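Try each task before you read its solution.

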Amino acid sequence: MKGIMDWVFPQLLVKSLASLSPGGFSGPPPVDQRADDIDLTTNSEALPLHSGAPCSIESRRESGTDTTTPQQVVEAASQPCNHYVEGRKTDPLARIEDLKIKLFRLLQRFSLSSDNLLVAKVLYRIHIATSIRAEPPDRVRNTRAKAIAAAQESSGSPELDFSLRILVLGKTGVGKSATINSLLDERKTITSAFQPATDRIQEISGSLNGVRVTFIDTPGFSPSSTSSVRRNRKIMLSVKRFIRRSPPDIVLFVERLDLINMGSCDFPLLKLMTDVFGNAIWFNTLIVMTHASSSLPEGTGGYPVSYESYVNRCSELMQHYIHEAVLDSKLENPVILVENHPQCVKNTRGDAILPNGQVWRSHFMLLCICSKVLSVASIITD
Ligand SMILES: Nc1nc2c(ncn2[C@@H]2O[C@H](COP(=O)(O)OP(=O)(O)OP(=O)(O)O)[C@@H](O)[C@H]2O)c(=O)[nH]1
Ligand SMILES: [Mg+2]
């Protein structure tokens, strides 16, 4: 599928959401901001962004050749963090090594292969950003990071310090809340087939394999029309204010896969989002397409359309409109396919699978993890 792999390379070149000013997303100030500023928020406490300092063996290691023995790996795996001096970050390379260890631990926890092409590209991207300064060679460092990660996971110590904070945006009824419920495997937020369901911005937290995931669920936008612009802008301004104190790591923009080809892709809405939040809203945005197991429409002349070509076409359409909104055709937003229907086909392990055989929840986590790891790496190596 186009977009997901291509996206890894430019990722470190853009500013992450976390590195933006405390004032939130950059971009032109919205027109009549005060007049439209309403409060749709709950009383939930905002959570910190990147929690805690990473730990590694780097500061105790001699530079030059890698002479780490298995015993040293085990010892290093249980060491407390020592790269922060009175709250200040120290060696960036050591922090990158710690980040890699976290990545390998996360892959292990979510039963994801470290041989995955996306992971390889993330490691390569980090390698490019650090190779000038790094000794010993990257291959050796990765092998050691993997060994330390395995040792830490088997001992359960130190605790894996990684969280995800995810903002969910999209039109009403597209399945924002249903996707949150599916991922947390619990009905934590209400959904409705017949009317707008979410009327407040709310944080919904859960733990997935020991990783704290906080979703910011939002009221759905109305399809663009002259009468809906004011309401949509109010929601956006409220969201913007809500995330100011604690920006998300990742933004999900949700659409329905089965409706994108029917004109549901709403350029004026994407443009309004860009005007209110600034271009940066799209830099860490993953496009989520729900209803991914729905029947496909017929192609020209009544011929069937293949799943892959339909998904590609919808992805291209969405990406085209985002390009038009940000006036930048280089941006690549990864696409995640989602099926929230409880009767979605499952594999023998009970995981929901899509018509293309993909276990969508694992794939979702992989993209979120890689996206945050790249953002953090970008900040460290900046
Ligand atoms: N078949 C199918 N139904 C879905 C899917 N995702 C959501 N739905 C259904 O679509 C309806 C709307 O879903 P919600 O999650 O409430 O939509 P929302 O985007 O949160 O809507 P608002 O809260 O109004 O903004 C519900 O009946 C869901 O069960 C999906 O992937 N497949
Ligand atoms: Mg909802």
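**Exercise 1: the surroundings of Ser-294**

Leaving out residues up to four places away in sequence, Ser-294 touches Leu-257 and Asp-258, where a contact means C-beta atoms, placed from the backbone, within 7 Å. This is a predicted model, in which local features need pLDDT of at least 70 and side-chain atom pairs count only at pLDDT 80 or more, while totals for chains, interfaces and linings use all residues. Residues are numbered from 1 along each chain as its sequence is written, and chains are lettered from A and ligands numbered from 1 in the order in which they are written.

Task: Where does Ser-294 lie, and why does Ser-294 count as partly exposed?

Solution. 
- Step 1. Ser-294 belongs to the loop between S7 and H11. Helices (H or I, at least four residues) and strands (E, at least two) are DSSP runs, numbered from the N terminus.
- Step 2. Apply the burial cut-offs: a residue is buried with 20 or more other C-beta atoms within 10 Å of its own, exposed with 12 or fewer, and partly exposed in between, the C-beta atoms being placed from the backbone.
- Step 3. Ser-294 counts as partly exposed because it has 14 C-beta neighbours inside 10 Å.
- Step 4. Now look along the sequence: Leu-259 is 35 residues away from Ser-294, and their C-alpha atoms are 10.0 Å apart in space.

**Exercise 2: strand S7 and its partners**

Solution. 
- Step 1. S6 (residues 250-256) runs parallel to S7 and is joined to it by 6 bridges; two strands pair if DSSP finds at least two bridges between them. Phe-253 stands opposite Ile-287 in S7.
- Step 2. S8 (residues 335-337) is also parallel to S7, with 3 bridges. Here Met-289 stands opposite Leu-337.
- Step 3. S7, helix H11 (residues 307-326) and S8 make a right-handed β-α-β unit: with the strands pointing away from the viewer, the path from the first strand over the helix to the second runs clockwise.

**Exercise 3: the whole sheet**

Task: What is the order of the strands in the open sheet of 6 strands?

Solution. 
- Step 1. The order is S4-S5-S3-S6-S7-S8, with mixed pairing.
- Step 2. S4 (202-208) and S8 are the edge strands, each pairing on one side only.
- Step 3. Inside the sheet, S3 (residues 163-170) and S5 (residues 211-217) are parallel partners over 5 bridges. Arg-165 has Thr-214 in S5 as its bridge partner.

**Exercise 4: helix H10**

Task: Which helices do the buried residues of H10 pack against?

Solution. 
- Step 1. List the buried residues of H10 (residues 267-277): Leu-269, Leu-270, Leu-272, Met-273, Thr-274, Val-276 and Phe-277.
- Step 2. These buried residues pack against H8 (229-244) and H11.
- Step 3. Just after H10, Gly-278 takes a positive phi of about 90°.

Conventions: Contact = placed C-beta atoms within 7 Å.
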